[in-house]
Amino acid sequence: MKNVNTEISTSKENDRVIEYAGLSFYIIYNTDSLKTDDIVFYDAVIIQAGDPEFTRHIITRIRGHFNPEHYLKPVLLLNQSSLKDPYINLIDGTLYSLEQIKLILPSVQNILLRIKDLTFTSSLSYEALIIQKTISFMYSRNIDKMKPNVDFNSGIGYNYPILSVNFSRKEEHQVLNIIKTMTEEKLITKEFHDSVYLCNNCTSGYMSYREVCPKCNSSNAVSQDIVHHFPCSYVGPIEDFKNQIDDELNCPKCNKTLRHIGVDYDKPSIVNDCLSCGHRYQDFNVKAKCMNCQFDNEVEELKKSTINVISITKKGQVMAVNGYVTTSRDLQEIKGTVKLDTFTTMLKYEVERLKQTDGKSNLAVLHLKNSGEAYSKMTTDLQKTMLNFLIQDIRKNIPTSSIITFYSSSTILISLNDLPLKIAKRLTQDIVDLMTALIETNFKDMVVSIDHSVKPVSNKLSGELQIQQLVKDYF
Amino acid sequence: MSTIGEFISYIQALGPAKFLRVFWFFVIFEFFRYFLLDLVGLILHRVSLWVNRKKWKRASEQLKKENPLVSIIVPGKNEGKHIFKLVKSLSEQTYQNYELIIIDDGSDDNTPIICKSLLKNGLIDQFYRNDVRGGKASAANLGLRFTKGKFIIHLDADCSYDNDAVEKIILPFYYDKDIGGVGGNVMVRNYKESLVTTLQAVEYFNSVGIGRIVTSQFGIYRIISGAFGAFRADVMDKIQGWDIGPGLDGDITVKIRKSGYKIHFAPEAVCLTSVPNTFKKLAKQRYRWDKSLIRFRLRKHKDVLFPNQGFSLINFISFFENILYNLILNFKWYFYAIDLVINFPDLLVHIMLTNLFLYTTMGYIKLILFGWFRTRSNAPNYYFLPYIPLMVIYFGYFLRFVRTRAYFMELFFKASYNDPWNPLKTSVHAKEKGL
Ligand SMILES: [Zn+2]
Ligand SMILES: [Zn+2]
Ligand SMILES: [Zn+2]
């Protein structure tokens, strides 16, 4: 056990490491290289923030990393003066001198403590990985609500802390897809903040809106009034009425001088002449030229996307602690299962059927308590193989009319139709034994803990409610 | 029963002198002008076609070789719903080198939205909209100002056209270099819709389909329908487009004639139009049209009737024929009726029955004989057979009374200047200048 130092001191082994209250702070100077690999050995990072460009680089490297040892690391800025949003949302505090570590210590300690709650698994998809990262970051910083910030450098015009940092400007629209998935999975709730229009070609949010010629898209045009001379019905552009001698307007048809607008003439419309192609038109086309890929978008065809403020839900926090492995989309790809939606619908029909007949159907739930631990020991590919394997084995043991779905990556629901409860219970127990055996043979030191329960399907309650009641103990 | 017996003996007793004394109106008006003269005109037209067949063929070759750009202008208010059908029907034309220009004269429905979308999709070439209505002439002139073609065709949005109509209406310009304007053959599309549309179909068949072949043959054809007319762009430039209406179709025809050009009727350039489907709507339409005879023939262009610098005998005859048969004889009919009442009070019923018989017989002869001269018809002749007797009432009474009222109102009250068909801002100027 290390001595707990009560004064701020420089480490004996490394002069860029400061020790205080049992924690080690690694200082990155702005004359350093951009490598940040060493930070995993220390509790927190202090960036000497004289050069904003350099500071942004370092923050991007740390927060954009895929290893929680990097992206969750507490980061403090020293002497920061010029750093503006959105990077300010990715740091955990600022110091004007190293002495101030004392002041900021409690919050750093708190972050480190909360990180200890979290389980990290390898995710089934890139999307799941970013989701895991987001909920872990929000949990560890105790952030309930995350507000996007207007950002000139963002590809979609808004920067989402911890989400946007994972994507290049070009790919940043993916953030919106991830938020959509997180909402569908009920990890977050969202509330409207703003709308943005994105380029159809590259999804960038930076566009220049111009009025252009509908024929050649040039914005090089001159406009003039159309004049209607009432007495003779002559109508034409105002140039027809001009002369070279004076400012009077004379009608080219009847030679009269225009006197009084509204009395002997009016200007019912305008006309534009394109100086690029000579086309004459009344209505401009409004086009949005993408400043990223130069694609000229029709404004009506621009994709409208909503920017939301997001709040983490209870489920989101639980998933951060238990380890988030997969999105339901990933699970849908496992053969032999159906989507949860489909499962719910089929159960609804089963309830209806039971109202008409005397049949007996059952609903079983299997929940792997330490799934985070199990998943964390597997690579993504191995996880997929294992799940496929597991489902195939389960299917061998149950009637073909049974339906299987993943409620979450650790919870499986099985609808066992037209069976007495006793048999359904026995079958479920068989499955538990099978799963335990499968995990124990593959993961030597792991203690398997599978909860399960079987209930007859009631024809008095809705299918959805029966599912809720069955799984509520596990969430 | 005895009246019929009396009537038959009355007919039998009629000698030629007595017949003329009592039925002179029928003889000059219907028999001489609208049967004999028409028949002669039709025969001459046939002969002329045959004699000049090589010239017509050369004209057709010349047109195909030159393939000039034709500008089609369609002015209108709240016509959006017809535009797409019009565009589709034009795309079927045998003549394809045209530009389509739509002018929206202050529509207050979804016309601008429809037209802008058609413009965007390249289905129309130019679209102009005036937010405030300026009247038909100004809308047509706006379109005209931006045309690029060698020939201008003026269309109504709610009409439809035979596939070769554009080609057929342009062709006469290549036949005779002096032709400045060509009128198309307007037929009634909704002839089955109601009694009044059927009667109008018969009327159009006589007055347009036959009547205009004849007047064109005699060189006195005087009205190019707004629904379908073609003009030489250089001539339009010279006469500076349309003047304020109503009746601007007839007006522009006169203007072309006065600048020394011929007007031609193209019977094969067929356009189908929907005519008013109730007597009330028809009366309103005719009231407007008939007023313009007074306004344009007797007022604006009265110089045609007097020997002066630009006097042209053929234009004089064209006007004179129009005034004689429409205006003078229209009023003369009342003298005829009074004459009968005073001098033959006992025989009124017999005379009326005889007139009915004479007009109906004439109607059948014309339907069958003139039908023979038609190259293209939109309805089978037999369809109209039961309606011929009604034409006497339609033509002899209904239209006559509408016309009388129109002439009277225009002659004494200049009613056309108050017609809401034109925006007030333009009407006040027309009235002030006597246009
Ligand atoms: Zn782009
Ligand atoms: Zn003027
Ligand atoms: Zn252009």
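Predicted model: local features only at pLDDT ≥ 70, side-chain atom pairs only at ≥ 80, totals over all residues.
Residues are numbered from 1 along each chain as its sequence is written, chains are lettered from A and ligands numbered from 1 in the order in which they are written, and side-chain values use heavy atoms, with hydrogens and water left out.

Start with the zinc ion (ligand 1). Its protein donors are the SG atoms of C199(A), C202(A), C290(A) and C293(A), at 2.2 to 2.3 Å. Donors here are N, O and S atoms within 2.8 Å of the metal (3.2 Å for Na, K and Ca); water is not among the atoms, so sites may look incomplete. The 4 donor atoms of the zinc ion (ligand 1) make angles of 100 to 112°, and the site is tetrahedral. For comparison, the ideal angle for four tetrahedral donors is 109.5 degrees.

Along the chain, the donors of the zinc ion (ligand 1) are spaced C-x2-C-x87-C-x2-C. C202(A) sits in the loop between β10 and β11 of chain A, and C293(A) in the loop between β16 (285–290) and β17 (296–298) of chain A, so the pair ties together parts 91 residues apart in sequence. Helices (H or I, at least four residues) and strands (E, at least two) are DSSP runs, numbered from the N terminus. C202(A) is buried at 13% relative accessibility. C293(A) is partly exposed at 27%. Buried means under 20% relative accessible area, exposed over 50%, and partly exposed in between (1.4 Å probe, protein chains only).

H229(A) belongs to strand β12 of chain A, while C251(A) lies in the loop between β13 and β14, 22 residues apart. H229(A) is buried at 1% relative accessibility. C251(A) is buried at 1% too.

The zinc ion (ligand 3) is held by SG atoms of C213(A), C216(A), C274(A) and C277(A), 2.2 to 2.3 Å away. Its 4 donor atoms subtend angles of 104 to 112°, which makes the arrangement tetrahedral. Their spacing is C-x2-C-x57-C-x2-C. C216(A), in the loop between β11 (207–212) and β12 (221–229) of chain A, and C274(A), in strand β14 (residues 265–274), are 58 residues apart. C216(A) is partly exposed, at 31%. C274(A) is buried, at 4%.

Now the charged pairs. The structure holds 42 salt bridges over all chains. Each is a side-chain nitrogen of Lys or Arg within 4 Å of a carboxyl oxygen of Asp or Glu. One of them joins K145(A) and E191(A), at 3.2 Å from N to O. K145(A) is in strand β7 (residues 145–146) of chain A and E191(A) in strand β10 (residues 188–198), 46 residues apart.

Another pairs D243(B) with K253(A), at 2.7 Å from N to O. D243(B) lies in the loop between α9 (233–239) and α10 (248–258) of chain B and K253(A) in the loop between β13 (234–237) and β14 of chain A, so the pair joins two chains. D243(B) is buried at 13%, and K253(A) is buried at 16%. Within chain B, D251(B) and K300(B) form a salt bridge, with the closest N and O atoms 3.1 Å apart. Both D251(B) and K300(B) are buried. Through shared partners, salt bridges join K253(A), D243(B), D251(B), K255(B) and K300(B) into one network.

Turn to helix α1(A). Its buried residues are F54(A), T55(A), I58(A), I59(A), I62(A) and R63(A). An α-helix has 3.6 residues a turn, so residues three or four places apart point the same way.

Last, S168(A) lies in the loop between β9 (158–159) and α5 (174–184) of chain A. S168(A) is partly exposed at 41%.

Technical notes:
Tetrahedral: all angles 85-135°; square planar, octahedral: opposite > 155°, others 65-115°.
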